[in-house]
Every structure is written in C-alpha cells, then in structure tokens.
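Me: I am new to this structure and would like to go through it step by step. Could we begin once it is on screen?

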Amino acid sequence: MQELIRVAVDGPSGAGKSTIAKLVAKELGLDYIDTGAMYRACGYKMLQEGIEASSSDALKEMLGHTDIDFSGGSIFLDGVNVDGKIRTPEVTMMASACSALPEVRAKLVELQREIGSRKSVIMDGRDIGTNVLTDAEFKFFLTASAEERAKRRYGEMKEKGMDVTYEDVLSDINKRDYDDSHRKIDPLKKADDAEEVDTTFMSIEQVRDHLLDRIRSSAL
C-alpha cells in the first residue's frame, strides 16, 4: 500500500463512523483518531469546571492547560482515561456546542492536522474531509436515516444501563443534526470529492468491507 494513507470519514451523529473507522484501522494497520471524542473531552472538562460556551476568557484559560491524547485505543484528558465519562447526553450536547467555538476548533484542528501529516491515519468526524484533511487520499461520508441512527444509539445506551427513551434519543439526534449542519464554522457537509455511503440497510460488516475494497483497490 502507499507509504502515507489518510482516510477521512465524515457524517452525522449515529451513522456508525467510529465503529467502522476502528474496524478499518485494525484491518489496515492505521492509527484511529477519534476527533469526536476530542470535542467530547473538551465538553466534559467544560462541564466539570463550570465553564459556559459563552465564557471566552475562561475557555481560553482552560484550553491553555488542556492536553488530549490517544493511547491503546483510549482517550486521555490531562493524563486521565475518560472513555467512560464522555458518552452521556449532557456531554454530547456540550461537545456539539464547543465544537462551534473558534478557540476549541483551532486547537484541536491544529493537532489533528499535525498527526495526519506524519503518519497513516483514519479520522472520523464532521469536517475531516472538508477542513481537517482536505488532501486525504480517501474520503467517505457515512449517513443513515435519523430513525435508524436513533435506534442504534438507543440500543447502545440501554446496553450501558442508561435510563433513556427512543423518543428522547431521536429528538437529540435531530437537534444535533440541525446544530452541526447550521453552525457558522465548518458545518457538517459532504466534501465534493467524498463518496457518500448510506448505511441504513447495511450491516457493520458490509460497510467495513465496502470501505476496505475502495481503499485497497486504489492504494495497492
């Protein structure tokens, strides 16, 4: 395969981006960079420190002493593993809010670009192909109906013992879709040179194999 391969995977919440990206990364030996988790980590820290999205000075100070890194497939915030703390509905909404803030985006996008410039990676998010890795060798836009995405997310949350309803999850999905696609800074959209993959009626294995076939056929 090519010496350096960058794969950008974008799409709305619940489209299966992280699951698919992890599987493709494992199969091809790429480093998986969960950019959404980075914004969740920022959102989590904002909640922990009581910082509002509108508090620009406090936010800048917080970012000045914030470190986010990945190791062994886990995300670390200031040296602490926060895998189990950044997937709550509250953190989800704060992550969406802070992802629209210039200060947060500047810090994380710079880090993401630096990582992608020195090693083969697969990144998933909402603006990887349109903003972070505009020169990525492969770009995919994964999507699915809001109802199917809510069904998947609801199942995941119930398995973790969370007290939620399908209606609430669907409402959150629709709100986040609107917020992400209407934000002024790097809104969610498909890159012109990305392949759109509708996963509504596809299994995880089918989506994984589709991406692998596309990458292998072009990178060999």
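Me: How do strand 4 and strand 5 pair?
Reply: Strand 4 (residues 74-77) pairs with strand 5 in the antiparallel sense, over two bridges. Strands here are DSSP runs of E with at least two residues, helices are runs of H or I with at least four residues, and both are numbered from the N terminus. Two strands pair if DSSP finds at least two bridges between them. This is a predicted model, in which local features need pLDDT of at least 70, side-chain atom pairs count only at pLDDT 80 or more, and totals for chains, interfaces and linings use all residues. Residues are numbered from 1 along each chain as its sequence is written, and side-chain values use heavy atoms, leaving out hydrogens and water.

Me: Which residue stands opposite phenylalanine 76 in strand 5?
Reply: Asparagine 81 does.

Me: Which helix packs on the sheet there?
Reply: Helix 2 (residues 35-49) packs on that sheet and touches strand 3 and strand 4; contact means heavy atoms within 4.5 Å. The direction of helix 2 makes about 35° with that of strand 4. Such angles run from 0 to 180 degrees between N-to-C directions, with axes fitted to C-alpha atoms, for helices over the stretch in contact.

Me: And the sheet itself, what is its strand order?
Reply: The order is 3-4-5, in an open sheet of three strands with antiparallel pairing. Strand 3 (68-71) and strand 5 (80-81) are the edge strands, each pairing on one side only.

Me: New topic: is strand 1 mostly covered or uncovered?
Reply: Strand 1 (residues 6-10) is mostly covered, with five of its five residues buried. Buried means under 20% relative accessible area, exposed over 50%, and partly exposed in between (1.4 Å probe, protein chains only). Arg6, Ala8 and Asp10 lie on one side, and Val7 and Val9 on the other.

Me: Which bridge partners does alanine 8 have?
Reply: Methionine 123 is its partner in strand 6, and lysine 139 is its partner in strand 7. Strand 1 pairs in the parallel sense with strand 6 (residues 121-125) over five bridges and with strand 7 (residues 138-143) over four bridges.

Me: Which residues of helix 1 are buried?
Reply: Lys17, Ile20, Ala21, Val24, Ala25 and Leu28 are buried in helix 1. Seen down the axis of helix 1, the buried residues fall within an arc of 135°, so they line one face; the arc is that of the directions from the helix axis to the C-beta atoms.

Me: What comes just after helix 1?
Reply: Glycine 29 does, with a positive phi of about 75°.
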